[in-house]
Amino acid sequence: MGEKMLLNIGFGNFVSNEKIVAILSADSSPVKRLTRTAKENNNLIDATCGRKTQSVLVMDSDHVILSALSPDVIFSKYQQAE
């Protein structure tokens with residue numbers, strides 16, 4: 001991977017592109033279970049600003065971040081950051 005950059009995940013929220021393990025769609029049951037488990041373990045970060053969750057980012061620190069941007073949009077920003 002290239003240099004360390006911050007990736008805009010919507011509404012003025014940024015994450016380090018080097019720390020992202022997975023960008024997932026929020027619709028599937030396994031992702032919903034992952035989100036629920038992260039919330040129970042206090043590892044959930046909600047960056048949706050009250051909007052519908054469209055994507056879930058899994059970080060290398062075991063944190064799970066919710067975003068209102070679609071996975072396609074986040075992935076295209078991720079590719080541009082490399």
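Predicted model: local features only at pLDDT ≥ 70, side-chain atom pairs only at ≥ 80, totals over all residues.
Leaving aside neighbours within four places in sequence, S55 is in contact with L24, A26, I65, L66, S67, L69, S70, P71 and I74, where contact means heavy atoms within 4.5 Å. Residues are numbered from 1 along each chain as its sequence is written, and side-chain values use heavy atoms, with hydrogens and water left out.

S55 belongs to strand β5, residues 55-59; helices (H or I, at least four residues) and strands (E, at least two) are DSSP runs, numbered from the N terminus. Because its relative accessibility is 0%, S55 counts as buried. Buried means under 20% relative accessible area, exposed over 50%, and partly exposed in between, with a 1.4 Å probe and protein chains only. A polar atom of the S55 side chain lies 2.7 Å from the backbone oxygen of L69.

T53 sits in the loop between β4 (44-46) and β5. With a relative accessibility of 23%, T53 counts as partly exposed. Beyond four places in sequence, T53 is in contact with A26, T48, L66 and S67. T53 and I65 are 12 residues apart in sequence, and their C-alpha atoms are 9.9 Å apart in space.

**The sheet around β5**

Where does β5 sit in its sheet? An open sheet of 4 strands has the order β3-β5-β6-β4, with mixed pairing. β3 and β4 stand at the edges with a single partner strand each, so one side of each is left without a neighbour in the sheet. From one strand to the next, the twist averages 20 degrees; axes are lines fitted to C-alpha atoms, for helices over the stretch in contact, and angles run from 0 to 180 degrees between N-to-C directions.

| Strands | Sense | Bridges |
|---|---|---|
| β1 and β2 | antiparallel | 4 bridges |
| β3 and β5 | antiparallel | 5 bridges |
| β5 and β6 | antiparallel | 4 bridges |

S25 stands opposite S55 in β5, and V58 has V64 in β6 as its bridge partner. β5 and β6 form a hairpin with 4 residues between them, and D62 in the turn has a positive phi of about 70 degrees. In the hairpin of β1 and β2, 2 residues lie between the strands and F11 takes a positive phi near 55 degrees. L6 has S16 in β2 as its bridge partner.

Is β5 mostly covered or mostly open? β5 is mostly covered, with 5 of its 5 residues buried. S55, L57 and M59 point one way from β5, while V56 and V58 point the other way.

**Helix α2 and the cores**

Helix α2 (residues 71-81) has I74, Y78 and A81 buried. These residues cover an arc of only 60 degrees around the axis, which puts them on the same side of α2; the arc is that of the directions from the helix axis to the C-beta atoms. An α-helix has 3.6 residues a turn, so residues three or four places apart point the same way. On the face of α2 turned away from its buried side are the exposed residues D72 and Q80. The buried residues of α2 pack against β1 (6-10), β3 (20-25), β5 and β6 (64-67). α2 lies across β3, β5 and β6, running at about 150 degrees to β3.

Which residues make up the largest nonpolar core? This core has 10 residues: L7, I9, V15, I20, A47, L57, M59, I65, I74 and Y78. A nonpolar core is a set of buried Ala, Val, Leu, Ile, Met, Phe, Trp, Tyr and Cys residues joined through side-chain atoms within 4.5 Å.

Finally, M59 touches V15, S16, K19, I20, V21 and I65, not counting residues up to four places away in sequence.

Terms used. Polar contact = N/O pair within 3.5 Å; in protein donor to acceptor, adjacent residues only side chain to side chain. Pairing = 2+ DSSP bridges.
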